[in-house]
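Hi everyone, thanks for coming. I'd like to walk you through one structure today, so let's bring it up on the screen.

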Amino acid sequence: AQAQLRQTLGRLMANYTRVAQVWPHALAQASVLAWHSADSRVQVHASLQGLRRAPDGSLAHVQLIPGRLHKGKGIKYHLLVRPWIQHLAWHLALGSARTDANANAEADAEANAAHVGVSTLVVSESGVWRLAPMALPDAQAAWAQRLKAGETGQCAPLPVACGTAFAWLETCDELMQNGGSEPRARLPAPDASSRLALQAAR
């Protein structure tokens with residue numbers, strides 16, 4: 001078991017080392033995310049750290065995840081949900097050009113490069129997945145949509161688990177690529193106790 005753990009950790013760190021060689025300069029300065037919805041009902045404040053810079057000035061945030069991201073020829077997309085949210089957060093923080101009160105030259109360099117965006121590198125045992133830089137308006141729209149969905153999810157039962165939803169989308173995509181029609185879910189009729197639970201949830 002220890003030998004297998006060492007092998008797993010070795011593969012993970014080897015992938016991280018390759019990424020760190022492309023973006024060798026770790027920026028110590030934090031960037032501040034301060035966002036609120038149009039009606040100010042939802043507010044997000046966070047201090048983001050861990051940005052790296054390449055010799056060409058491009059920025060990247062590196063996230064290590066345990067285990068394997070890849071499954072055969074596919075990807076475990078549900079493992080990318082958290083990195084995706086952080087990816088959007090970095091774009092908003094850099095785009096607003098707001099930094100901590102003790103701003104320095106590194107923070108200024110981050111702000112000047114904000115229009116370029118930031119890559120997110122998700123490093124796992126099985127390889128690296130890159131989320132490409134986005135235009136700031138696209139990141140802002142995706143962030144607002146995600147926060148709205150999160151707010152909705154706090155007020156009602158979620159219709160399906162994240163991993164199950166991605167499996168369904170992949171199945172739909174495969175069928176459409178092969179010339180088939182989009183599948184439709186067929187759910188069994190709920191029993192009496194399930195109907196009562198659903199009525200109580202409403």
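I'll go through the salt bridges, pair by pair.

Before we start, please keep in mind that this is a predicted model. How many salt bridges does the count come to? The answer is three.

Let's begin with Arg11 and Glu125, whose side chains meet in a salt bridge at 2.6 Å, N to O. Have a look at where these two sit: Arg11 is in helix α1, residues 2-22, while Glu125 is in the loop between β8 (118-124) and β9 (127-131). That puts the partners 114 residues apart, so the pair links distant parts of the chain.

Is Glu125 buried or exposed? Glu125 counts as buried, because its relative accessibility is 11%, under the 20% cut-off. Arg11, in contrast, counts as partly exposed, at 37%.

Now stay with Glu125 for a moment, please. Its side chain also meets that of Arg68 in a salt bridge, this time at 3.9 Å, N to O. Arg68 lies in the loop between β5 (59-64) and β6 (70-71), so this pair ties together parts that are 57 residues apart in sequence. Arg68 is partly exposed, with a relative accessible area of 41%.

Arg41 lies in the loop between β2 (31-36) and β3 (43-48), and Glu151 in helix α4 (residues 136-153), so the pair ties together parts 110 residues apart in sequence. Arg41 counts as exposed, at 57% relative accessibility.

Definitions and conventions. Residues are numbered from 1 along each chain as its sequence is written. This is a predicted model: local features need pLDDT of at least 70, side-chain atom pairs count only at pLDDT 80 or more; totals for chains, interfaces and linings use all residues. Side-chain values use heavy atoms; hydrogens and water are left out. A salt bridge is a side-chain nitrogen of Lys or Arg within 4 Å of a carboxyl oxygen of Asp or Glu. Helices (H or I, at least four residues) and strands (E, at least two) are DSSP runs, numbered from the N terminus. Buried means under 20% relative accessible area, exposed over 50%, partly exposed in between (1.4 Å probe, protein chains only).
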